[in-house]
Amino acid sequence: MSDLTKATMAEARDLLQGGKVSARELTEAHVAAVEAARPLNAFITETPEIALKMADASDARRARGETKGALDGLPLAIKDLFCTEGVLTTAGSHILAGFKPPYESTVTRNLWEAGAVMLGKTNMDEFAMGSSNMTSHYGKVENPWRRQGDNRALVPGGSSGGSAAAVAARCALGATGTDTGGSIRQPAAFSGIVGMKPTYGRCSRWGIVAFASSLDQAGPLTRKVRDAAIMLGGMAGHDAKDSTSVDRPVPDYEAALTGDIRGLKVGVPKEYRIDGMPAEIDGLWQQGIDWLTAAGAEAVEVSLPHTKYALPAYYIVAPAEASSNLARYDGVRYGLRVPADSLDEMYEATRGEGFGAEVKRRVLIGTYVLSAGYYDAYYNKARRVRSLIARDFAEAYEKVDVLLTPTAPSAAFAIGEKMDDPIAMYLNDVFTVPASLAGLPGISVPAGMSAEGLPLGLQLLGRAFDEETLLRAAGVLEEAAGFTALPQFLAGEPS
Amino acid sequence: MTVIEGESGPWELVIGLEVHAQVISETKLFSGAATAFGAAPNSQVSLVDAAMPGMLPVLNEVAVEQAVKTGLGLNAEINLTLVFERKNYFYADLPQGYQISQYLHPIVGAGKVTLDLEDGTTREVGIERLHLEQDAAKLLHDQHPTQSYVDLNRAGVILMEIVSKPDMRSAEEAGAYLRKLRSILRYLGSCDGNMDQGSMRADVNLSIRRPGDPLGTRTETKNVNSIRFVQQAIEAEARRQIELLEEGGTVVQETRLFDPNRGETRSMRSKEEAHDYRYFPDPDLLPLKLDPAWVAEIEAGLPELPDAKKARFMSDHGLSAYDAGVLVAELETANFYEAVVAGKRDPKQAANWMTGSFFGALNRSSLPLAEAPVQAAALGELIDLVSDGTISGRTARDVFEAMWESGKSAAAIVEEKGLKQISDSGALEAVVDAIIAANPEQVAQLQGGNQKVIGWFVGQVMKETKGQANPGMVNKILKEKIG
């Protein structure tokens with residue numbers, strides 16, 4: 001691991017701005033790290049030529065005395081759910097075999113326009129459906145962390161598992177992720193990094209392969225809260241091409257990191273104390289409350305009474321939308337086509353071969369809950385639950401400014417664990433899903449270690465479009481936690 | 001009420017129509033791609049239309065405005081909250097795997113259309129709803145021996161689905177409904193109504209029953225693309241259902257297709273094979289709230305529609321219901337007629353010319369109105385020549401035909417052919433005197449009380465003057481001299 005890959009995004013930016021290092025040097029170090037980290041299988045596609053070209057362009061700009069802003073010259077990894085012009089985009093699925101979009105997603109376009117450098121496309125659960133990165137057609141991703149005294153490979157979480165592993169292993173200064181029910185926050189927690197899901201509507205969904213349209217939201221995975229603030233500023237913004245994107249100015253998120261949370265009211269939702277939660281996670285949660293109150297915040301117990309219905313409602317709404325969103329992968333226009341004698345047989349053969357088991361399971365669930373005769377019992381009821389959950393949050397935010405919860409009910413688990421029980425897998429999202437259903441922003445901050453030596457995250461949730469308060473509180477939590485542990489696997493270092 | 005006499009007694013037809021009308025708009029419902037008819041295959045396709053991964057629909061506001069305008073034109077309720085929903089099914093002409101349509105919250109609710117029937121009477125047909133939806137792509141089956149090609153130009157084009165209540169009772173009424181609907185859409189400029197280009201297509205819902213009985217089981221005959229075919233499909237399907245029931249069978253609820261070559265409908269899919277469309281609100285599009293002030297603004301800007309125009313032609317112009325109905329059926333005909341009247345000529349004269357010689361010549365020539373060799377101003381001038389006595393009505397018809405042939409003005413033809421009416425009383429008296437002198441026998445008959453002979457004298461004068469004598473004056477002079 002070179003010193004350049006150890007740097008945080010903010011540090012690397014300062015080095016570039018101070019002329020201490022060139023974008024090319026910074027990028028070359030990261031390109032080498034991406035190569036060195038291949039055992040993790042964090043990338044589906046590496047784009048070193050594109051990276052170096054973008055880095056050279058950044059250096060040329062800087063030589064002319066120009067810069068495109070905070071992200072100019074910073075190497076990033078892109079989740080393979082974002083369409084990138086001329087670069088293979090797979091969504092982790094066989095059904096998009098060979099698909100090179102003739103267009104660039106708005107979020108990645110925003111990043112390139114801010115001068116960022118693309119290292120490659122990261123591995124992910126197929127169509128972002130999963131919490132382990134085990135459902136990718138391109139194979140599992142290994143978490144760079146190991147349990148103490150146990151060399152079994154662990155999952156990085158999911159669905160943004162490749163992005164989380166790449167950032168944790170020091171292959172990239174930051175990575176884009178998408179979060180539908182926890183797909184940024186849970187892998188961030190499993191990998192000992194920061195992951196933020198902004199408010200629904202804050203980042204454009206245009207050009208992001210859709211999973212569940214009413215829930216999908218792009219966000220950053222970084223090693224520091226400050227880096228998340230910098231990167232979100234480069235991703236966010238209104239987009240007329242996405243009718244659900246919100247037209248409001250993008251604030252200077254980094255400026256929100258004042259470190260001052262005196263008087264901030266931090267809600268602690270009692271319903272998040274679920275049965276069977278490991279004591280160390282409960283303990284870390286209490287520790288987090290103490291850290292924030294020590295910094296001048298006030299902890300308030302609040303109630304989110306419909307929390308227990310969130311997971312079942314999510315596993316109706318998200319598959320329902322997915323069953324429709326994935327109908328376009330039919331072998332007619334792009335991606336995989338398995339020829340057959342009739343149109344219907346071609347559909348069956350293509351989708352049968354192109355989709356993995358988890359995607360098929362969710363398409364079937366989604367189709368079922370939308371069918372005549374079941375619609376009211378499932379889909380409509382789930383929508384009503386969703387409004388109740390949003391109301392719970394709205395009522396809580398009348399009393400408090402942010403909420404503090406654990407990010408996930410466990411640390412990273414081993415590859416192969418929980419694989420035979422989809423419900424146990426779905427439980428990973430128990431703390432992240434409610435805010436997704438309500439469209440609210442959340443951030444996971446590495447806050448401590450499990451007894452087995454694995455990172456644990458705490459989650460802060462905020463009001464809609466109040467990412468600034470959320471980042472400020474997260475910065476204080478990060479500072480207090482002082483998380484400095486390094487994973488066993490670091491790109492370019494013997495492990 | 002029209003009833004059909006079957007072998008076992010009378011049957012009544014119950015007909016409802018679902019009309020798909022393509023909205024006039026430069027771009028599609030949710031994409032910026034163009035919509036011109038007849039473009040090269042796949043030349044008017046955006047990434048959204050091709051359902052590329054990650055593409056999102058953005059509503060074209062023109063569609064909403066056109067639908068609101070149409071709803072107002074159909075005397076219908078405008079729903080201020082509209083929701084787009086996905087109708088899910090797989091087919092090669094549907095790139096997204098779903099059609100974005102409206103289901104629970106259509107933009108337009110109940111309304112009504114007044115039909116003008118052949119006998120001059122009117123009849124109301126209720127409108128159930130109007131909603132916006134995307135058109136599908138076109139499949140080309142004749143380009144390759146074993147494969148079908150897909151042309152996405154039409155995919156995503158804006159359609160209004162206009163659903164009538166089951167208020168029609170005969171093929172004639174269905175035809176009158178379609179003609180009236182097309183007329184209203186054309187007046188509004190929301191659909192060009194060109195059925196031969198597929199801009200308007202109809203699904204026919206039809207059931208039969210004994211008069212007074214509850215509704216029978218209906219069939220839906222899909223995608224009939226001309227008014228004539230709709231009427232033929234109704235007759236064929238009604239015949240089929242009557243035969244079926246009279247033979248003791250039952251009508252099965254199903255979707256059928258009309259084969260115009262064989263003049264019959266045939267089964268496409270039964271109720272059991274019907275799709276479960278799994279409608280749900282499209283999460284890519286937020287519910288839209290319309291501002292009542294905006295709707296009021298559209299309403300204030302509506303043009304005069306056929307019914308209002310017809311009423312005005314009857315009350316202000318004194319036209320018959322039939323003539324007024326004929327003249328308002330197409331906006332350009334009504335405009336032509338009003339240009340002939342031009343606020344100064346006798347409307348009845350103008351209407352008679354339009355519905356008589358003019359339409360006759362137009363039909364014979366198969367020209368569109370705009371290309372008629374005799375335009376409104378020229379026809380007006382011809383009428384003026386009759387009114388001021390320059391030519392007789394009889395001569396005027398010949399002049400009209402000459403105008404149609406040559407494109408020359410009425411005045412020029414009258415001049416050229418020397419058709420000017422003789423209204424000089426001295427000259428006419430001389431002719432009359434000569435004829436009286438030459439025909440004492442007929443003079444005696446007339447004086448003996450046989451008034452019919454006066455016609456014979458007029459004829460003689462006309463013959464002598466090559467038809468140019470002013471008939472009114474001839475009559476007057478004759479009466480003075482021998483009456």
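A residue is called buried here if 20 or more other C-beta atoms lie within 10 Å of its own, and this term is used in the legends below for a predicted model.

**View 1. Helix α6 of chain B, residues 321-328, is mostly covered.** Of the eight residues in this helix, six are buried. The buried ones are B:D323, B:A324, B:G325, B:V326, B:L327 and B:V328, and in the predicted model they can be followed one by one along α6(B).

**View 2. Chain B meets chain A through 25 of its residues.** These 25 residues of chain B are in contact with 33 residues of chain A. Sorted by class, the side of chain B that touches chain A has 17 nonpolar residues, together with four polar and four charged ones.

View 3. The C-alpha trace of chain B spans about 100 × 55 × 50 Å along its principal axes, and its radius of gyration is 30 Å, whereas a compact globule of 483 residues would have one near 23 Å. Of the 483 residues in chain B, 39% are buried. Among the contacts in chain B with a separation of 6 or more, 68% are between residues 24 or more positions apart.

How values were computed
Residues are numbered from 1 along each chain as its sequence is written. Chains are lettered from A and ligands numbered from 1 in the order in which they are written. This is a predicted model: local features need pLDDT of at least 70, side-chain atom pairs count only at pLDDT 80 or more; totals for chains, interfaces and linings use all residues. Two residues are in contact if their C-beta atoms, placed from the backbone, lie within 7 Å. Ala, Val, Leu, Ile, Met, Phe, Trp, Tyr, Cys and Pro count as nonpolar, Asp, Glu, Lys and Arg as charged, and the others, Gly among them, as polar. The radius of gyration is taken over C-alpha atoms; the globule rule is 2.2 Å times the number of residues to the power 0.38. A residue is buried if 20 or more other C-beta atoms lie within 10 Å of its own, exposed if 12 or fewer, and partly exposed in between; C-beta atoms are placed from the backbone. Helices (H or I, at least four residues) and strands (E, at least two) are DSSP runs, numbered from the N terminus.
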